[in-house]
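Here is a short tour of one protein model. Please look over the sequence and the structure before reading on.

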Amino acid sequence: MSSTFVSSSNPWFGAALLNWYPRHRRDLPWRHTRDPYAIWLSEVILQQTRVKQGLPYYLDFITTYPTVHDLAAAPQDEVLRHWQGLGYYSRARNMHHTAQQVVQEYSGRFPGTYAELLKLRGVGQYTAAAIASFAYDEQVAVLDGNVYRVLARVFGLAQDIAAPASRKVFQQVADTLIPADQPAEFNQAIMEFGAIQCTPVKPDCLFCPLQSQCYAFQHGLISELPVKSKAKAGRTRYFHYFVLQYEDTLYMRKRGPKDIWEGLYDFALHEADSADLPARTVVDTVEALGGRIDLAQVEEPVQSLRHVLSHQKVEARFHPVKLEAPLTPKALATAGLLPYKASEIESLPKSILITNYISNIGF
Ligand code: SF4
């Protein structure tokens, strides 16, 4: 596939997007501010969830902690309580730490350039570009999944967007497109365009202002672009293991028929659609198994292990749960679990995945 991209300049692209954006954009509170703290806050939350779900969290945080000083000075437990429901509490702790870093090392003022922003904990290229352009009008192009898709389709870029080396190519293209006089507006526009017009499935090509120049549309390649390589092992399954432990006992179960690892022993399993499990689901699952855990106690899984089989790949996440009392016979029967001591577990048949996990935790 040859690209239509001409490296000198494509002013029509920015002009079309900047014309489209004011008429289609969603009205979101972080789009009404130039405060780098508020912009950063919104980006941290949006990395965790979709716009609709993230909005109440953003409003809660910005109301409770209107400045980076307020967030930095807050007790960590309190910050975690506000984060409750977003999952992955380590991200909330990182956010809290970054706020303290800004206060201590930068006197409470966010660094004023893309390069300096990158030095903050947890701030990667995307977030740095978003803050630098939205807050300071720095001419640096953002690159997220939406932007990759729009550029690949409009300019016929066939590089695999899952390959790290492709980032450079897309960044170069985006950097030549972003206008010097409206970098913030342009970045917002291209992301919003990808989110609501040039969507992954069924983009609205019929009413698209870029249609006449869009490579994918003109060549019938919309479903081919962007190119994103898939894992060789076929489908990926996400196993969330709940490793229930009471004193020196682990609760395990024998796997049933009609699935991989039939007859081998593993832990209580929750299979999900993704590697991320909302904290609420963790709490509910533990309760359904007869245990108890508070939302604030939910941690990232202690271990992530991958196992590649011939037709599928298993991404396993292990959630250890220390119980304060043994599971009741009723709970054991419901969950199909049985208690085992370390010496007994040794002799149980287990997949390599489970064997590796047990050996890693030194049980
Ligand atoms: S014509 Fe279709 S594929 Fe091309 S930019 Fe517009 S919405 Fe996207």
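**Domains**

The model is predicted. The domain assignment of the protein chain gives two entries: domain 1 covers 11-218 and domain 2 covers 235-361. Taken over C-alpha atoms, the centres of domain 1 and domain 2 are separated by 36 Å.

**A pair of packed helices**

Two packed helices are described by the angle between their axes and the distance between the axes. Take helix α2 (residues 36-46) and helix α8 (residues 125-136). They pack at an angle of about 145 degrees. Their axes lie 9 Å apart. The crossing of α2 past α8 is right-handed.

Which residues make the contact? On the α2 side they are Pro-36, Ile-39, Trp-40 and Glu-43. On the α8 side they are Thr-127, Ala-130, Ile-131, Phe-134 and Ala-135. Seven residues of this contact are nonpolar, one is polar and one is charged.

Phe-134 lies in helix α8. Is Phe-134 buried or exposed? Phe-134 is buried, because 26 other C-beta atoms lie within 10 Å, and 20 or more count as buried. Leaving aside neighbours within four places in sequence, Phe-134 is in contact with Ile-39 and Ala-184. Ile-39 also belongs to the α2 side of the helix contact.

Leu-86 sits in a loop, between α5 (76-83) and α6 (89-106). Leu-86 is buried too, because it has 21 other C-beta atoms within 10 Å. Its contacts, neighbours within four places in sequence left aside, are Gln-48, Thr-49 and Tyr-57.

**Around the ligand**

How many residues are around the ligand? There are 14. Cys-198, Pro-203, Cys-205, Cys-208 and Cys-214 come nearest. Two elements give two or more residues to this shell: α9 (145-155) and α12 (215-218). By class, the shell holds 10 nonpolar, two polar and two charged residues.

Notes:
Residues numbered from 1 in each chain as written. Predicted model: local features only at pLDDT ≥ 70, side-chain atom pairs only at ≥ 80, totals over all residues. Axes fitted to C-alpha atoms, helices over the stretch in contact; angles between N-to-C directions. Helix = DSSP H or I, 4+ residues; strand = E, 2+ residues; numbered from the N terminus. Left-handed = near helix turned anticlockwise from the far one by under 90°. Contact = placed C-beta atoms within 7 Å. Nonpolar A, V, L, I, M, F, W, Y, C, P; charged D, E, K, R; others polar. Near = placed C-beta within 6 Å. Buried ≥ 20, exposed ≤ 12 C-beta atoms within 10 Å, placed from the backbone. Domains from an automatic or database assignment.
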